[in-house]
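Dear colleague,

Here is the structure I said I would pass on. My notes on the ligand site and on the helix packing follow below it.

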Amino acid sequence: MQSLAIIGSQWGDEGKGKITDLLGAKCDVVVRYQGGNNAGHTIIVGDKKIVLHLIPSGVLHSHCTSVIGHGVVFDPEAFMVEMENVSNSGINLTSENLKISSNCSIITYYNKLLDGQREAKGPVKIGTTGKGIGPTYEDKISRKGIKLRDLFDLDILTTKLEANLIEKEALFKNLYRCDYPSAQEEAKRLYELGKKIKPFATDTFSFLDQSIRENKKLLYEGAQGVLLDIDYGSYPFVTSSNTSCGGIYTGAGLPGKSISEVLGITKAYTTRVGEGPFPTELFDDVGEFIQTKGGEFGATTGRKRRCGWLDLPLLKYTVKASNLTSIALTKVDVLSGMDTLKVCYAYEYEGETIDCAYPGIDLSKVKPLYKKMKCFSDDFKSDTLSKELEDYIKEVEQFIEIPVGIIAYGPERSEIKFRKDYF
Ligand code: IMP
């Protein structure tokens, strides 16, 4: 296999970090292609906990080159902080092991301010991470965004920021009534950051093209999950990028090639942070139990994650929407030892029973139908799994029609069983 994509198949936080880290070890290049520092990948190595938000997980392996593709929205200040944290863990970032597309869109102070003001004062609360992700993608789509390469020329940067500020200024002054820096001040701040980032900035499109021609092994590291995709997700409660497999083609560049394997990372239950409908959400002690045992707090914002049973109609949909070829079932240990276990196998929706969600379905109006599963209490110390857990896995596989290639049952690199070969 030459290329593998790792995609969150639910609402993010499925445990992509650990699996990306393990499979990244077998790759030459690890690529981020969408989102920004709204992501949070936690990786436990020995007694060290490393949380990466923007920098690809490949940096943890000395033989890997990590790439931040042009589809990523890039916060230069957050990058500098993260680079320092990574350096403190003993990992030295150089222009050889980290390459950032000069064409990345920059998250400016204005974008972060707008995100925060809308969440605090706007009519619809999405529950964003407050990192300026949405407003930066808006700037990009409306063709007035700032690109990384603009940070290297103060005159160009100032002119672009002046133009960028015109509409926003009207909102800051008249609607949100908040303070904001002048275009000149913001240009100076970004220009100074740009000087430090310039050594990493490059044409990643050609680098990836060359890597593919040289038969290098590539891993595309997705952030968030398919249900947060701007087109496929539970709109408007989504992020602003294409978190599904399609985002790779526009956000990284994969000239004329296809991806050999698309691995969907799936929690054995479901979680969500932020607002938005969640059909299998549990509001009782069981939900509380899963939240506590699973340590379900956001890696980026520290918010409590909402918890519920595994939702197979949503999973069947994300398999189709992101062309998943296998899944990794993670955090299985959290369900072990519980005295009730259910999965949602269908919805009642608009007078019909359906077993697969679809774009635009109103998830707040579906009635989930549950199947009671036999409880399992594996301690994962032996090579085999209990019959009850095997049955749970089989139920999932039969429903989504692709294999469960990985079982993960704890945060450590070693707490994983491969049922399929990747690379
Ligand atoms: P934004 O990406 O900050 O604009 O947030 C939009 C929605 O996506 C909110 O519901 C966030 O909670 C959610 N979100 C963004 N990034 C992540 C993530 O890495 N994990 C889980 N949810 C996320």
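A polar contact here is a pair of N or O atoms within 3.5 Å. Please keep in mind that the model is predicted.

An N or O atom in the side chain of Asp13 is 3.0 Å from a nitrogen atom of the ligand. For Thr239, an N or O side-chain atom is 2.6 Å from a ligand oxygen. On its own the ligand has 470 Å² of accessible area, and the protein covers 96% of this.

There are 16 residues around the ligand, and those that come nearest are Asp13, Asn38, Thr129, Thr239 and Arg303. By type, the shell consists of 7 nonpolar, 7 polar and 2 charged residues.

Helix packing

Two packed helices are described by the angle between their axes and the distance between the axes. I have two pairs to report.

Helix 3 (residues 109-121) and helix 4 (residues 133-141) have axes that come within 7 Å and cross at roughly 125 degrees. Helix 3 is therefore oblique to helix 4. The crossing of helix 3 past helix 4 is right-handed.

In the second pair, the axes of helix 10 (residues 312-321) and helix 12 (residues 387-400) come within 9 Å, with a crossing angle of roughly 50 degrees. That angle makes helix 10 oblique to helix 12. Helix 10 passes helix 12 in a right-handed crossing.

Regards

How values were computed
Residues are numbered from 1 along each chain as its sequence is written. This is a predicted model: local features need pLDDT of at least 70, side-chain atom pairs count only at pLDDT 80 or more; totals for chains, interfaces and linings use all residues. Side-chain values use heavy atoms; hydrogens and water are left out. A residue is near a molecule or strand if one of its heavy atoms lies within 4 Å of it. A polar contact is a pair of N or O atoms within 3.5 Å; within protein, one must be able to donate a hydrogen and the other to accept it, and residues adjacent in sequence count only if both atoms are side-chain atoms. Accessible areas come from the Shrake-Rupley method with a 1.4 Å probe; for residues, only the protein chains shown count as cover. Ala, Val, Leu, Ile, Met, Phe, Trp, Tyr, Cys and Pro count as nonpolar, Asp, Glu, Lys and Arg as charged, and the others, Gly among them, as polar. Axes are lines fitted to C-alpha atoms, for helices over the stretch in contact, and angles run from 0 to 180 degrees between N-to-C directions. Helices (H or I, at least four residues) and strands (E, at least two) are DSSP runs, numbered from the N terminus. Angles under 35 degrees count as roughly parallel, over 145 as roughly antiparallel, 65 to 115 as roughly perpendicular and the rest as oblique. A crossing is left-handed if the near helix is turned anticlockwise from the far one by less than a right angle, and right-handed if clockwise.
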